[in-house]
Each structure stands twice: as structure tokens, then as C-alpha cells.
Amino acid sequence: MSTTANDHGHDPNRPKHLAHHFETLGQQFDSGKLGIWVFLLTEVLFFSALFVAYTMYRSNYPEVFQYASQFLDTKMGAINTVVLLLSSFTFAWAVRNAMLGEKRKLMLNLLVTLVCAGGFMGIKYVEYSHKFHDGTLWGGNASTIFKADPAEIPAEIKEVSEAWNNPEGKFSVAVRDLDPAFRQKVGVFFGVYFCLTGLHGIHVMLGMILIIWLMMRTKRGDFGPTNFNAIDFGALYWHLVDLIWIFLFPLLYLIT
Amino acid sequence: MAPSTNSLDRTHYLNATKGFRSWFMTIDHKRLGLMYLWSVVGCFILGGFFAMKIRWTLTPGVTDFMAQSVEQMNAYNNAFTVHGAVMIFLVIIPSIPAALGNFVLPIMLGVKDVAFPKLNRLSYHLWLIGALLFVATLFIGNLDTGWTFYPPYSTGHTDPSVITAVLGAFVLGFSSIFTGLNFIVTIHKMRPPGMTWFKMPLFLWAIYATAIIQVLATPVIGISLLLLLVEKTMNIGIFTPALGGDPVFFQHLFWFYSHPAVYVMILPGMGVMSELFATFARKPIFGYKSIAMSSIAIAILSFIVWGHHMFVSGQSETMSVIFSALTFSVAVPSAIKVFNWIATLYKGSIAFTTPMLYGLSIIWLFGIGGLTGMFHATLGTSVHLHDTYFVVAHFHFVMVGSALFGFIGGIFYWWPKMYGRMAEGALSKWGCLLSFVGFNMTFLPLFPAGSQGMPRRYAGYTEAAGFDSYNMSATIGSMVLALGLCIALYSLLRSFKHGEKAPANPWGGVTLEWQCESPPPEHNFDIDPPTVDNPYDMTLVEWRGQEEGFLPKNPRSDDKCIADIQQA
């Protein structure tokens with residue numbers, strides 16, 4: 001066994017950022033890498049229940065999903081997809097910067113990533129506001145139009161939007177003319193939509209906190225060619241968040 | 001070379017630093033393990049209190065079933081719900097992996113700590129938050145959903161206690177995930193030179209298989225509970241039939257976690273048993289590879305059998321038949337383990353120490369628990385026995401009789417390592433014996449009671465139903481069991497003052513944790529980490545008397561001699 005095993009970190013040659021319980025920087029990096037991959041696996045499974053919910057309700061009520069998807073703003077969804085892809089690119093670039101010890105570029109790339117993430121949340125906020133304004137929400141909410149019993153739909157909501165009530169316009173059938181059971185299932189679609197995008201949004205916000213923390217550490221000069229673990233692992237998390245959106249966008253917005 | 005003398009006055013992990021912060025904010029896996037241990041014991045007492053409340057209500061002649069008030073029945077519903085939820089989420093799931101696993105795993109690997117010590121601390125703090133939420137539940141309302149939280153009942157009624165309980169289980173899930181993640185990485189990346197996968201102690205194999213389940217299954221219950229919360233607070237409509245949702249969908253998600261969770265509870269106990277049987281039969285474990293692989297097989301199979309909880313839920317008959325067939329397959333790796341343990345005992349030189357008595361008890365208890373599981377795998381029988389006391393008896397034999405007895409056996413086995421004191425003696429053996437007898441008196445009669453139709457979760461039964469004698473036996477048995485458990489706890493606490501000082505290796509185990517001092521130094525091995533060999537080659541150590549315990553046999557050529565002699 002090597003001599004470093006028993007010095008409890010007092011060896012002057014021991015790298016400062018090598019934790020006391022690891023033997024080498026390589027072991028530390030490998031452990032972290034495996035750890036983050038296992039964590040990402042748990043994240044995938046965390047989302048899995050909602051994807052199963054989506055699959056189940058869509059395969060049982062394909063026509064409901066087709067109809068309900070028309071309420072989503074495809075343009076905003078597409079812009080958000082581009083924004084997130086760009087942020088993934090800058091974060092990946094940031095990893096390269098950290099490896100090469102380019103502190104200024106690293107800072108810049110992290111900043112661009114953060115701005116993109118903020119932009120994504122901003123667009124999401126606009127989308128959500130529209131939904132709340134129009135009442136296109138899940139079935140149980142009082143302000144919604146998706147009630148099984150038409151009598152329960154508030155009068156002012158019934159007339160608020162031209163689009164849903166105009167058979168000649170965007171939609172093939174007006175909301176008020178839908179079969180009650182059908183209308184109720186549209187509410188379930190929005191339940192799934194808000195849970196999926198909401199949970200994803202929470203992950204984006206957690207990612208923003210992560211990026212701010214990484215920027216603070218960058219400023220402190222923590223990262224360099226021998227120590228870029230946190231940036232690397234943070235980027236992996238961010239790519240997963242991006243990837244989940246890449247699935248969400250077509251599944252929710254692009255149903256035809 | 002292990003130290004030959006032991007003194008509790010030297011500096012070790014227990015006295016290296018002092019004060020509340022040095023414990024609460026520690027990243028030392030040994031201290032975290034101990035904090036888990038005592039927290040779990042505390043919750044066990046809480047859960048045990050509710051168990052006694054249930055038994056007392058069901059004692060013949062104590063309450064008149066037909067004359068009970070609604071409040072009394074609500075209190076009963078609350079008692080079995082809290083008992084189940086506390087015992088499962090706060091006691092059995094963290095018991096062996098988080099408490100014993102944390103303490104033992106890094107030492108078994110000859111390293112200073114788990115891969116992510118701060119994450120480990122976070123796990124414990126999350127566990128505490130989860131526990132506090134559960135305790136808050138007791139004061140907030142009358143939690144009466146059963147530990148399964150099925151909608152639409154859980155989401156429909158207005159009692160806010162469901163929110164804190166579900167939130168508590170959600171937080172505890174993350175604690176469990178982080179512990180599992182830590183163990184997987186530690187085992188993959190930090191094994192010492194020479195310890196190949198098949199030279200790992202079987203306890204580590206069991207913990208590894210457990211960690212796989214924790215990491216893969218727990219996120220699913222996490223999201224399900226989160227959705228349940230959203231459903232309850234905002235009526236999102238995914239599970240509630242009145243809003244177009246599907247309540248059976250929740251059952252699928254729930255059991256996709258909760259069936260594998262059964263193996264999170266039992267697998268570590270099986271790991272402890274493998275260690276106990278090898279050490280105390282003074283024989284290499286029989287069928288090392290098949291025991292190791294059966295742990296992995298159980299972990300994999302655990303994910304594809306959840307539907308047997310839902311035979312009466314209205315799922316399709318085809319699915320029920322498939323789940324029934326798959327469920328039988330779990331019996332194979334489980335039986336492989338039991339046969340291997342028995343073969344290990346065969347012609348062994350068995351030492352009837354306290355931990356070994358717990359181990360031997362489990363062969364009986366797990367045998368019954370496992371075999372009655374077959375009744376639930378069989379589709380027709382399972383429908384007949386659904387929601388009866390037969391189910392209750394079955395899972396108590398597995399959860400308590402196997403998992404909890406394994407936990408207690410493990411505590412007695414590693415106690416000398418934890419505190420440097422022996423808790424061994426007539427008292428601790430009586431504790432085990434009384435627990436064993438009491439347990440059987442409690443739960444064996446519940447099999448016939450259940451098969452004759454006594455339903456679970458009912459606040460009582462009429463005299464005409466004919467369940468009086470079974471329930472009388474169960475109540476008396478539960479008191480004997482409680483007495484046995486109290487004696488076990490007392491004998492542990494007593495050892496702080498009266499226990500003999502433990503040598504580094506009091507039992508003659510060959511795994512690495514017995515090669516560092518008892519209690520271990522702050523960084524586990526002040527001496528060079530020992531060389532790794534077959535973890536079950538009992539000829540590697542020899543008895544040197546009470547003071548020194550077992551010590552490595554030297555020089556190493558001795559082994560060669562023995563090997564040569566054996567070959568000749």
C-alpha cells in the first residue's frame with residue numbers, strides 16, 4: 001500500500017483538492033464521474049413516472065392529446081428548444097475552458113449558459129401566464145374550462161377566447177361543443193403537461209443555482225487542468241435537463 | 001499487522017473530537033452510522049408503541065368491536081397507519097444499509113470513508129427532516145390511509161396529515177437514494193488492491209444489490225408521492241377518477257417501488273447472515289459465488305413482480321398470470337441462499353454466540369416467511385388471502401423475523417467494533433430467545449386466522465368469528481417479544497459499563513473490519529491497510545486467548561503448509 005494512505009493529508013506533495021479519503025486525483029475523478037452518472041440515472045427514473053403517465057393516457061385517448069396539444073404555443077416551445085441547446089453548447093465549451101485553465105472564457109461561457117437558462121424560464125413564464133389567463137389548465141382547477149359538467153364552467157370563461165369557440169378558426173371542434181368526458185380528459189392532458197414542464201422547470205432553476213455556484217468558484221480560482229470535476233459534472237447534469245426538454249417538446253407540442 | 005492489545009483510553013473515532021457539532025456535522029461514516037443506529041432505534045420504539053396499541057385493541061375481551069365509537073375506530077386506523085409507515089420508511093429501510101452499512105462498509109474495504117462523505121451527511125440530515133415530518137404528522141391530524149396512501153381516499157379527504165406524511169416519505173426517499181449512490185460508487189471505485197469482485201465480503205455484495213434497488217426504484221416513489229401531493233393540494237387529476245384520472249396507475253407506481261423496497265429491507269439482512277454463518281461455523285461460506293449472484297438476481301427480479309400486490313385491483317387477467325409466474329422466480333435465489341447457509345453450517349464448528357442465535361433464528365423465520373410468500377404468488381390463493389391476516393403474518397415473518405432479526409444480529413456482531421465492548425452473555429442470549437419465542441407466538445397463529453378470513457385493518461372482530469384464541473396468543477406473544485427486545489437493548493446499554501473490553505477480532509472474522517482496532521481509529525487503519533485475501537478462509541486467523549482475541553496467523557507460509565496438507 002502506498003505511503004500516502006496513512007498520513008491523513010499531511011503530505012506536502014498531496015494536491016490541495018484531493019479529498020482525505022482518496023488515494024489519487026484519478027480515483028477522485030472516477031468516483032465523481034460514476035456518482036454523477038448514477039445520479040442522472042435516478043433523475044431519468046424520477047421523470048419516468050410522468051412519461052409513463054403520458055404514454056398511458058396518450059395511448060388510451062390519442063384523439064384527446066391531438067386536440068389538446070393545439071392549445072400549446074409551438075413557436076415558443078421551438079424557441080426554448082434552441083435556447084436550451086445553445087446553453088448546452090456553451091456549458092460543454094465551459095468544460096473545455098476549465099480543462100485548459102482559461103478562467104475568463106470559462107466565466108463567460110458559464111454566464112451565457114446562465115442567461116440562456118434565465119431566458120428559457122422567462123419564455124416559460126410567458127407561456128404559463130397565457131394558460132392561466134385563458135384558463136387552459138388542469139381539470140380540477142376552478143378557473144378551467146375543462147370540466148366534465150358544462151354547467152360548472154364559469155360564464156365569463158366560456159366566451160373569453162375566440163379561438164376555442166370558433167369552429168372555423170384554429171380548432172376543428174369548439175370547446176363548448178366537446179363531449180363532457182372528452183373535455184375532462186383534456187384536463188388530464190394539461191395535468192400531465194403542467195407536471196412535466198413544471199418539474200423540468202424546477203430542474204432548470206436548480207441548474208441555475210448550480211451555475212451561479214460554479215461561477216463563484218471560478219472567480220475564486222478553484223478550477224484548472226487538474227481540477228475541473230465540478231464543472232464537468234455540472235455540465236452532465238445540464239445536458240440531461242436539456243435532453244429531457246428535447247423529449248418534452250415533440251411529445252407535448254408536436255402531436256398531429 | 002493488527003494491534004495485539006486494546007485500550008479504550010487511546011484516541012479513537014468516538015473520543016477524537018467532542019461536542020454536539022463534532023457529531024451532528026461530522027462526515028465520518030462511523031459516527032454517521034452510529035447516529036443512524038440510535039435514531040432508528042428511537043423510531044423503532046415509536047413504531048413499537050403503535051404496534052402494542054394495535055394488539056391491545058385486538059385482544060379478545062378488551063374492546064367490543066360492534067360497540068366502538070367512530071373516534072375509537074379512527075384511532076385504530078391511525079395506529080396501524082403510523083405503525084406501518086414509521087416501521088417501513090424510518091426503521092427497516094435505513095436499518096441495515098444506513099446504520100450498519102455506513103459503519104462497516106468502508107472498513108470492510110480498508111478505506112477511510114465512503115466516496116462522498118458530505119453527501120453521506122446530507123443523507124442523514126434528510127433522514128432527520130423526514131423523521132420530524134412524520135412526528136409532526138402525529139400532532140397534525142389523524143393519518144388513516146394505511147402506509148400505502150392510495151388515492152382517491154388519500155387525496156380526497158381533507159385531513160392535512162397526509163401532506164406531512166407524504167412529504168416525509170418523499171424526503172426519506174432522497175436520503176435512501178443518496179446512501180445507495182454512495183455505496184455503489186464506493187464499492188466500484190475504492191476496493192483495495194487485490195479485492196476483486198469475487199473476493200468481496202458477501203455483506204458488501206448484499207449492500208451493493210440493495211443500493212442498486214435504492215437507486216433505481218426510490219426515484220419512482222419520489223415522483224409518485226410528489227404527484228400525490230400535487231393531486232391533493234391542486235387537484236391535478238392524474239390519479240383522481242372524478243377528474244378523469246386513474247387511481248390504479250398510482251398503485252402501479254407505488255408497488256413498482258414498494259415491492260423492490262421489500263428487498264431493500266431483506267437483502268442486507270441476508271448479507272449479515274452470510275457473515276455470521278461463516279464466522280461462527282468457522283468454515284468458509286458454502287457457495288460464495290451463488291450467494292453473491294443470488295443477491296444480484298433478487299435485485300433484478302424485484303423489479304418485475306410488483307403486480308402481485310394488485311391481483312384484485314382490476315388489472316388485466318393476463319397481467320396477473322404473468323406477474324404470478326414471475327413472482328415464483330424470486331423463490332429460486334432466496335432458496336439458494338438458505339441452502340448455502342445450511343450447507344455452511346454442516347460439519348461446522350458452531351459457536352452459539354448471541355449474533356449467531358439471531359442468525360439461526362432467521363433460518364426458521366425466513367423459511368416460514370419465504371414459503372408463505374408462495375401462497376401470495378399463486379394467483380388463486382392470493383385472491384383468497386388478499387387483505388387478510390395471512391398477509392400480515394407473512395410480511396411480518398420477512399420484515400421483522402428476517403430483516404429486523406438480521407439487524408439486531410448485526411448490531412451484536414459489530415457492537416465490539418463500534419464501542420470496543422462485548423455485549424455477550426446469558427442476558428443477551430435470553431433476549432434473543434424470548435424474541436424468537438414471542439415472535440412465533442404472535443405471528444404463527446395469524447396464518448390460520450387469516451386463512452379463515454380475518455381481514456386486516458379492521459378495528460376488531462366479533463366473538464362468533466372464532467378468532468379469539470389466535471388473537472389471545474398473538475397479544476401474549478407480542479408482550480414476550482417486546483420483553484425480549486427490551487432485554488436485547490438493555491444488554492447492549494449495560495455493556496457500556498460492564499462489558500468486557502473487546503479485542504480487535506473477538507469473533508474470528510476474516511473480513512477487513514476485524515483487522516483494525518476496536519473501536520477503530522478516526523481514519524480506520526492507522527497501520528497499513530491489511531492485505532486482502534479470501535474473506536472466508538478461517539485458517540488465516542487463530543485464537544490467542546481472551547485478551548488478544550483472534551490474530552492473523554504468521555508467517556504466511558503456514559497457509560501454504562495447510563493447503564499442502566489438505567491437498568495431500
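Author: In chain B, α11(B) passes α12(B) in a left-handed crossing; a crossing is called left-handed if the near helix is turned anticlockwise from the far one by less than a right angle, and right-handed if clockwise. Helices here are DSSP runs of H or I with at least four residues, strands are runs of E with at least two, and both are numbered from the N terminus.

This is a predicted model, in which local features need pLDDT of at least 70, side-chain atom pairs count only at pLDDT 80 or more, and totals for chains, interfaces and linings use all residues. Residues are numbered from 1 along each chain as its sequence is written, while chains are lettered from A and ligands numbered from 1 in the order in which they are written.

Helix α11 covers residues 331-345 of chain B and helix α12 covers residues 354-377; their axes come within 11 Å and cross at roughly 160°. Axes are lines fitted to C-alpha atoms, for helices over the stretch in contact, and angles run from 0 to 180 degrees between N-to-C directions. α11(B) is therefore roughly antiparallel to α12(B), a label for angles over 145 degrees. On the α11(B) side the contact is made by B:A331, B:S334, B:V338 and B:W341, and on the α12(B) side by B:I363, B:F366, B:G367, B:G370 and B:M374. Two residues are in contact if their C-beta atoms, placed from the backbone, lie within 7 Å. Of the residues in this contact, six are nonpolar, three are polar and none is charged. Nonpolar means Ala, Val, Leu, Ile, Met, Phe, Trp, Tyr, Cys and Pro; charged means Asp, Glu, Lys and Arg; the others, Gly among them, are polar.

A second pair in chain B can be described in the same terms. Helix α2 (residues 29-58) and helix α17 (residues 468-498) of chain B pack at an angle of about 155°, with their axes 9 Å apart. That angle makes α2(B) roughly antiparallel to α17(B), and the crossing of these two helices is left-handed. From α2(B), the residues B:G48, B:M52, B:R55 and B:L58 meet B:N471, B:A474, B:T475, B:S478 and B:A482 of α17(B). This contact divides into four nonpolar residues, four polar and one charged.

B:F467 is in the loop between α16 (446-451) and α17 of chain B. B:F467 is buried, with 24 other C-beta atoms within 10 Å; the cut-offs are 20 or more for buried, 12 or fewer for exposed, and in between for partly exposed, with C-beta atoms placed from the backbone. Leaving aside residues up to four places away in sequence, B:F467 touches B:A449, B:M454 and B:Y461.

Chain B also meets chain A, in a contact that takes 33 residues from chain A and 35 residues from chain B. On the chain A side, α1 (25-60) and α7 (180-220) each supply at least two residues, and α1(A) gives the most, with 16 residues. That side divides into 16 nonpolar residues, 15 polar and two charged.

Chain A itself has eight helices and zero strands, and buried residues make up 36% of its 256 residues. Its mean pLDDT, the predictor's confidence in each residue from 0 to 100, is 87, and 82% of its residues reach 70 or more.

Methods: Angles under 35 degrees count as roughly parallel, over 145 as roughly antiparallel, 65 to 115 as roughly perpendicular and the rest as oblique.
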